[in-house]
Amino acid sequence: MLKKLGLALAGAALAATMAGGAALAWNEGGGEQDEAIKILFDLEKKIKEDPKLAEKVRKDGIAVYEVCSACHTTEGWGTKDGTFPQLAGQHDTVIIKQLADIRAGNRDNPTMYPFALPKEIKNAAPEVGGGAYAIAVVARYISQLPMNPDWGKPKPGEVDLEHGEKLFKENCVRCHGDNGQGSREKFFPKIHGQHYLYMLRQFEWIRDGKRRNANPDMVKQIKNFTDKDMKDVIGFVAAKLSPPKERLAPSKDWLNPDYE
Ligand code: HEC
Ligand code: HEC
């Protein structure tokens, strides 16, 4: 599994020129990210035969996620105004990459940065520690949370959905999938169910080179998008695509029972 993943990534990794002038290959991984991914897949195998280990990994995930829940909410649903993304249901590999990128300074996130550091996580969950294992278990936990059935969408009439659909099919499907489901193996994020205003900001930052961990192929694909194109395509994703029903929480009032 890991080998296959590594090969797929080697193919996808192209050199990107960073704003600061230094070159950073997209998802070159290494260090903590690779370590956490390896732990994740190892655990996945072992858990199948070991219910006790499964319970421990879940508990550890809950302990670490408590730090995150202060901003991302205990349900992992973020906020409609786009300040905080929905994390629930995101691919575990994507969460690991983003977290490792934030920790390594490849993605600016001044609000979250101090809380993502090993020291802070270790303080909050001493039994788990703050290293690659903590990242793996929290990513696994988050990816299994049911998703918010009431995510932020554009206002009626705010965007041209037909135009957005055309742009989506021509420019996004090959990576994010025909339903916005992304790819666990390739580290492509799920974008269905994500808040409209959050995606709008991220898309703009990716287009304009402010997100240094962005995929260079995506940057190329969208570099000629106008602000209207951007709103139309993101508006279409938020308004018209949806996670499968079984991945959604039963109602928007669902509360995560893991936190009293
Ligand atoms: C102090 C608030 C805060 C805390 C605590 C926090 N985050 Fe965040 N997080 C944010 C903000 C704000 C963003 C969006 C940043 C942006 O707009 O680029 C974010 C983004 C993310 C993303 C990227 C999601 C995406 O799809 O782009 C991940 C993954 C993430 N956080 C995971 C975590 C985890 C795991 C923890 C706990 C260890 C955590 N966060 C703790 C504020 C926080
Ligand atoms: C070549 C593959 C590729 C194409 C084409 C592509 N994307 Fe992406 N997109 C990615 C990857 C990979 C990321 C995550 C980058 C990273 O690692 O931070 C991403 C991130 C995003 C994000 C931020 C998600 C988050 O959780 O932070 C949004 C929103 C997005 N893409 C929307 C789109 C839309 C809409 C299109 C079409 C107009 C598009 N993308 C085309 C690969 C692609």
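1. Helix 4 and helix 7 are oblique to each other (angles under 35 degrees count as roughly parallel, over 145 as roughly antiparallel, 65 to 115 as roughly perpendicular, the rest as oblique). Their axes come within 8 Å and cross at roughly 135°. Axes are lines fitted to C-alpha atoms, for helices over the stretch in contact, with angles from 0 to 180 degrees between N-to-C directions. Helices are DSSP runs (H or I, at least four residues), numbered from the N terminus.

2. The model is predicted: local features need pLDDT of at least 70, side-chain atom pairs count only at pLDDT 80 or more, and totals for chains, interfaces and linings use all residues. Residues are numbered from 1 along each chain as its sequence is written, while chains are lettered from A and ligands numbered from 1 in the order in which they are written.

3. Now the contact between helix 4 and helix 7 (C-beta atoms, placed from the backbone, within 7 Å). Helix 4 brings Asp92, Ile95, Ile96, Leu99 and Ala100. Helix 7, residues 132-144, answers with Ile135, Ala136, Ala139, Arg140, Ile142 and Ser143. By class, this contact has eight nonpolar, one polar and two charged residues. Ala, Val, Leu, Ile, Met, Phe, Trp, Tyr, Cys and Pro count as nonpolar, Asp, Glu, Lys and Arg as charged, and the others, Gly among them, as polar.

4. Helix 4 (residues 92-103) also packs on helix 2 (residues 31-49). The angle is about 155°, and the axes are 9 Å apart. That makes the two helices, helix 2 and helix 4, roughly antiparallel. On the helix 2 side the contact uses Glu32, Gln33, Ala36, Ile37 and Leu40. Helix 4 meets them with Asp92, Thr93, Ile96, Lys97, Ala100 and Arg103. The tally for helix 2 with helix 4 is five nonpolar, two polar and four charged residues. Asp92, Ile96 and Ala100 of helix 4 meet helix 2, and they also take part in the contact with helix 7.

5. The shell has 23 residues (C-beta atom, placed from the backbone, within 6 Å of the ligand). The closest are Cys68, Cys71, Gln98, Met112 and Phe115. Helix 3 gives the most, with six residues. The shell divides into 16 nonpolar, six polar and one charged.

6. Ligand 2 is surrounded by 26 residues, and Cys172, Cys175, Asn215, Asp217 and Met218 are the closest. Helix 8 (161-171), helix 9 (173-176), helix 10 (196-207), helix 11 (216-222) and helix 12 (227-240) give two or more residues to the shell. Helix 11 gives the most, with four residues. By class, the shell around ligand 2 has 16 nonpolar, seven polar and three charged residues.

7. How do helix 10 and helix 12 pack, and at what angle? Their axes are 10 Å apart, at an angle of about 140°. Helix 10 and helix 12 are therefore oblique to each other. Tyr196, Met199, Leu200, Phe203, Glu204 and Arg207 in helix 10 meet Met230, Lys231, Ile234, Gly235, Val237 and Ala238 in helix 12. This contact has eight nonpolar, one polar and three charged residues.

8. Glu185 is 94 residues from His91 in sequence, yet their C-alpha atoms are 9.0 Å apart in space.

Technical notes:
Two residues are in contact if their C-beta atoms, placed from the backbone, lie within 7 Å.
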